[in-house]
Amino acid sequence: MTLSQNKPIASQLMTEDDYAPRTLTDRTGLSIPTLRRAIADNLFYLQGKFPAIATKNDYYMALAYTVRDRLLQRWLATNQSYLNNNVRVVCYLSAEFLVGPHLGNNLINLGIYDRVRQAVEESGLDLEELIEQEEEPGLGNGGLGRLAACYLDSLSNLEIPAIGYGIRYEFGIFDQEIGDGWQVEITDKWLQYGNPWEIARPESSVEVKFDDHTKSYSDNRGNYRVRWVPEYVLKGIPYDTPILGYKVNTANTMRLWKAEACESFDFSKFNVGDYYGAVGEKVGSENLTKVLYPNDELIQGKELRLQQQYFFVSCSLQDMIRLHMMDGDSIETFAEKFTAQLNDTHPCIGVAELMRLLVDEHCLDWDKAWEITKKTFAYTNHTLLPEALEKWSLGLFGYLLPRHLEIIYEINQRFLDQVRIKYPGDGDKLSRLSIIDESGEKYVRMANLACVGSYAINGVAALHSELVKTTILRDFYELWPEKFSNKTNGVTPRRWMVLSNPRLTQLITEKIGDNWINNLDELRKLEAFVDDRAFRQKWWEIKQAIKQDLAAYTREKVGITVNPESLFDIQVKRIHEYKRQHLNVLHIITLYNRLKQNPSLDITPRTFFFGGKAAPSYYMAKLMIKLITSVGDVVNNDPDVGDRLKVVFLPDYNVTFGQRVYPAADLSEQISTAGKEASGTGNMKFSLNGALTIGTLDGANVEIREEVGAENFFLFGLKTEEVCDLKAQGYNPWDYYNSNPELKAVIDLIASGFFSHGDSNLFKPIVDNLLYDDPYLLLADYQSYIDCQEQVGEAYQDRDHWTKMSLLNVARMGKFSSDRSIREYCEDIWGTQAVPIEIQEYSQANAGLQV
């Protein structure tokens, strides 16, 4: 892969326009010769390479800088507009931003994908190869981080002033390999070759304190004040990345913080031979932002995780205050100019930190500071699992953040005084509402802190929001019902259709135009073509072509040959017991047993795809991966089965992985226990790309089924209220095991060691968990799931009807655009308005330069 050989770069690309003003053409021009020249210039001047020695990564970097140049006008104009206008800025605080690779997405949003492809090809390069060269930013683990990324996309697309604040993890989430069927975690070195999309802003660094003690004093007006005397101070360095909207001029900022030492080298220690000590502060400080989600089984991991959360929140709030006061605005109007959305409990320490900044640093009285704080924050809850609501032991919290613990005590005391008045004598309610959990070892409850310190609280799907109000946050809902609302999650169609499924995008656009890309409700127009046989045939052919691509990738990646004409049954998501990947495995073994008992049995051929990462410390999830791969080893190599069943675990689930897999799915597995999944967004991406769903009435499945129609959704399993009733009655999984011979045979086969080379102990933890506990009711839902899967198999045999259902799924997915979600946040929570951005052509005069 090189530029045309045997000619100097300049002579290849010279045109009559070369004598035009270069500031316009080279940095912003979009003609093919200009783009080619810009790529060549960036290769030469930024990468310092010429074609004979350039690597594929050099060409990727040269192209990335070329595209970034065409973003910068929009980015700077956006920032300038926000500073010059009296607008309220949304600050989205999230510990994760799983943004995915930037190059392809930016080409789509700039509207220059085909033009750049031509320029790249005329330069002797392959655009798809360059796009694949980009290292994916490892800044998230799953749905939480991907949702944050979709929301940044939609905020820019809707021209809403916004900043995304998070952490610049040096290594991010691990890369996943499979060794002997087990997950192996590999360091994710996503920054090893540099990141052309970010710009470091060291001049905007802030300091963050940790540990030690506080001192009280009286100020010159006799007011009681507290000074935090820290044990050590870190520096937060911001790295900014532009997030562009689709064919608009708005490019908002994702600002991620890197931790550095205030003094990175100690000469005094170096000079006496303490070479490690000389850089000890640098190493210790930078550890803070090394890795996403350190293993928190040990106290050191818990400490690092709390440090990470406080670090990025403190940096972000200090930055927001600095931006607010740049033009002389009063700190008392802060909440009029900024609102901060807390993406789950990770950034909830922000409530206490903003109070510290207002009271201790800006010397506001408590009541005024609390009024500002409560008008600043809004909180999104993402879980119904009580164990996932973060809480920190008082010992650890007080050691790391002594001033914040004092502030939380004061917030809690004032809050509980109000509760006592409203609910006199109700000690139990007081205990449940308290920010401090005193039921055993004392903890700080972060969700409670968020509820007390926020003006709005929302769930992320209709069912989830109702369950939030009736279960985990019931007492807060009874206290402040006006704070609560639902904001069903959504996904951006730009990445999850236009970029990842260009063939289907083209077919849809040929029929209904391209307005659907910005207004997903327009997909409804596809319903007019449901009975068009020729259109359905094209739809089917595109799906088959995409499946052939995935089959080829599977053969290359894991060495398994699959039949692209088989039903592609796909479950890709974070590995967790409540997501019930092992229920899927029970179905596979059921089919396998049937084929072994009757090798001539006529069944619909299926290929089962799995993907997802297990948390490094989550043994049961890692054992589930081992079970999947072990069952695959047996099934895939049994001559009685042949091509009728295949089981594939594709490693290293991430955004790029999703862009490849979602468009290829025939069936989407959304089979979590009812009442456990907050929303899910993978279910939306699958449906948007034409997969049918088999699922429970959980999370956003409920709303997807309502939209696409019950007849186009495969429903099984207990409802949420039935799950609760069954557990209340005393659920006994043995009853299901003993009364269902087919289920018993499946469990017994796993227990016997059949899938583990005779080792009956390997999968004993899974078997024992199912038989003696089964907290997620796999055995209770098993038969319903098996029966529903039989309906799936029968439906797939009618290819034409299946295609109609697939088409209707896509046509009715308009509700699940992240644009719709963000509009609802703007209207119901943030009170923000669109600010269209106008850009002027670049000139040195406009840049403020004297030449």
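**Entry 1**

I take buried to mean under 20% relative accessible area, exposed to mean over 50%, and partly exposed to mean in between. I note at the outset that the model is predicted. I looked up Glu121 and found a relative accessible area of 46%, so Glu121 is partly exposed. Glu121 belongs to helix H6, which covers residues 113-122. On the surface, I found Glu121 in a patch of negative charge together with Glu122, Asp126, Glu132 and Glu556.

**Entry 2. Salt bridges**

I next turned to pairs of charged side chains. Side chains of opposite charge can pair when their charged atoms come close. I counted a salt bridge where a side-chain nitrogen of Lys or Arg is within 4 Å of a carboxyl oxygen of Asp or Glu. By this rule the model holds 60 salt bridges. I looked up several of them.

The pair of Asp532 and Lys511 has its closest N and O atoms 3.9 Å apart.

I then followed Arg812, whose side chain meets that of Glu527 in a salt bridge, at 3.2 Å from N to O. This pair links distant parts of the chain, 285 residues apart: Arg812 is in the loop between helix H35 (799-811) and helix H36 (818-830), and Glu527 is in the loop between H23 and H24. Arg812 has a relative accessible area of 15% and so counts as buried, whereas Glu527, at 27%, is partly exposed.

A further salt bridge joins Asp666 and Lys547, with an N to O distance of 2.6 Å. Asp666 lies in the loop between helix H27 (655-661) and strand S21 (667-670), and Lys547 lies in helix H24; the pair links distant parts of the chain, 119 residues apart. Are these two residues buried or exposed? I found Asp666 buried at 2% relative accessibility, and Lys547 buried at 0%.

I also recorded a network of salt bridges that links Arg201, Asp240, Arg255, Asp319 and Arg322.

**Entry 3. Helix H33**

Which residues of helix H33 are buried? In this helix, residues 764-772, I listed Ile766, Val767, Asn769, Leu770 and Leu771 as buried. An α-helix has 3.6 residues a turn, so residues three or four places apart point the same way. I then asked which helices the buried residues of H33 pack against. I found helix H25 (581-597), helix H26 (619-635), helix H31 (733-739), helix H32 (741-751) and helix H34 (778-797). After H33 comes Asp774, with a positive phi near 45°.

**Entry 4. Thr380**

Which residues is Thr380 in contact with, leaving aside its neighbours within four places in sequence? I noted Gln341, Leu342, Asn343, Asp344, Asn458, Val460 and Tyr825. I also looked up Phe484, which is 104 residues from Thr380 along the chain; the C-alpha atoms of the two are separated by 9.9 Å.

Terms used
Residues are numbered from 1 along each chain as its sequence is written. This is a predicted model: local features need pLDDT of at least 70, side-chain atom pairs count only at pLDDT 80 or more; totals for chains, interfaces and linings use all residues. Side-chain values use heavy atoms; hydrogens and water are left out. Patches are made of residues with over 30% relative accessible area and no salt bridge: like charges are joined within 9 Å, nonpolar side chains (Val, Leu, Ile, Met, Phe, Trp, Tyr) within 5 Å. Accessible areas come from the Shrake-Rupley method with a 1.4 Å probe; for residues, only the protein chains shown count as cover. Lys and Arg count as positive and Asp and Glu as negative; His and the chain ends are not counted. The place of a charge is taken as NZ of Lys, CZ of Arg, CG of Asp or CD of Glu. Helices (H or I, at least four residues) and strands (E, at least two) are DSSP runs, numbered from the N terminus. Buried means under 20% relative accessible area, exposed over 50%, partly exposed in between (1.4 Å probe, protein chains only). Contact means heavy atoms within 4.5 Å.
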